[in-house]
Amino acid sequence: MYKEKKLVEELILKYKTSSPFELCELEGVKLSFKPLGTLNGIYRYSKRNKFITVNIDREIGHQRFICGHELGHSIIHPNENRIFLNTTLFVPNKREIEASRFAVYLLVEYYGCYENIPWEYLKLIV
Ligand SMILES: [Zn+2]
């Protein structure tokens, strides 16, 4: 079993929700929505505070996935700043794959939403 699945399960058991937006709130992550151009989202760690920015110009299902991805970073790699690019532009590295796998477990297995999640992400958990 992938470790991301266990992390997602623990989080849902703890907070009784699978909404990435609510989970950010409950985890004390400061979540904001802004136009980010070609970026999907940003995770930033500063002075022990965690910040997630989601591109407000993306469709809501996609925003939920971006939020889940950044939340994955905040849990798996909390001390590293990350940006979430359009993945077609580059080969994702290990940390990006881990964050995306976390988001897919959260949204597909628990939130029950496949909307706007490309196959290249869905296949991370099969
Ligand atoms: Zn990322």
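I began with the pair α1 and α4, and noted that α1 passes α4 in a right-handed crossing, where right-handed means that the near helix is turned clockwise from the far one by less than a right angle, and left-handed that it is turned anticlockwise. The model is predicted, so I kept in mind that local features need pLDDT of at least 70 and side-chain atom pairs count only at pLDDT 80 or more, while totals for chains, interfaces and linings use all residues. Residues are numbered from 1 along each chain as its sequence is written. Helices (H or I, at least four residues) and strands (E, at least two) are DSSP runs, numbered from the N terminus.

**The helix pair.** I looked up the axes of α1 and α4 (lines fitted to C-alpha atoms, for helices over the stretch in contact, with angles from 0 to 180 degrees between N-to-C directions), and found that they come within 9 Å and cross at roughly 50 degrees. That makes α1 oblique to α4, because angles under 35 degrees count as roughly parallel, over 145 as roughly antiparallel, 65 to 115 as roughly perpendicular and the rest as oblique. Among the residues that meet here, I listed L7 and V8 in α1, with F102 and L106 in α4; contact requires C-beta atoms, placed from the backbone, within 7 Å.

**The core.** I then turned to the largest nonpolar core, which has 23 residues, with L106 and F102 among those that have the most contacts inside it. Such a core is a set of buried Ala, Val, Leu, Ile, Met, Phe, Trp, Tyr and Cys residues joined through C-beta atoms within 7 Å, and a residue is buried if 20 or more other C-beta atoms lie within 10 Å of its own, exposed if 12 or fewer, and partly exposed in between. I noted that α4 (94–111) is one of the elements giving two or more residues to this core, and that the largest share, 7 residues, comes from α4.

**Helix α3.** I checked that 13 of the 17 residues of α3 are buried, so that α3 is mostly covered.

**Residue I42.** I found I42 in strand β2 (residues 41–46), where I42 counts as buried because 20 other C-beta atoms lie within 10 Å. Leaving aside neighbours within four places in sequence, I42 is in contact with L36, T53 and I83.

**Two loop residues.** I noted that K16, in the loop between α1 and α2, has a positive phi of about 55 degrees although it is not a glycine, and that K16 counts as exposed with 8 C-beta neighbours inside 10 Å. I looked up K47 in the loop between β2 and β3, and its positive phi is about 45 degrees although K47 is not a glycine; with 4 C-beta neighbours inside 10 Å, K47 counts as exposed.

Definitions and conventions:
Two residues are in contact if their C-beta atoms, placed from the backbone, lie within 7 Å.
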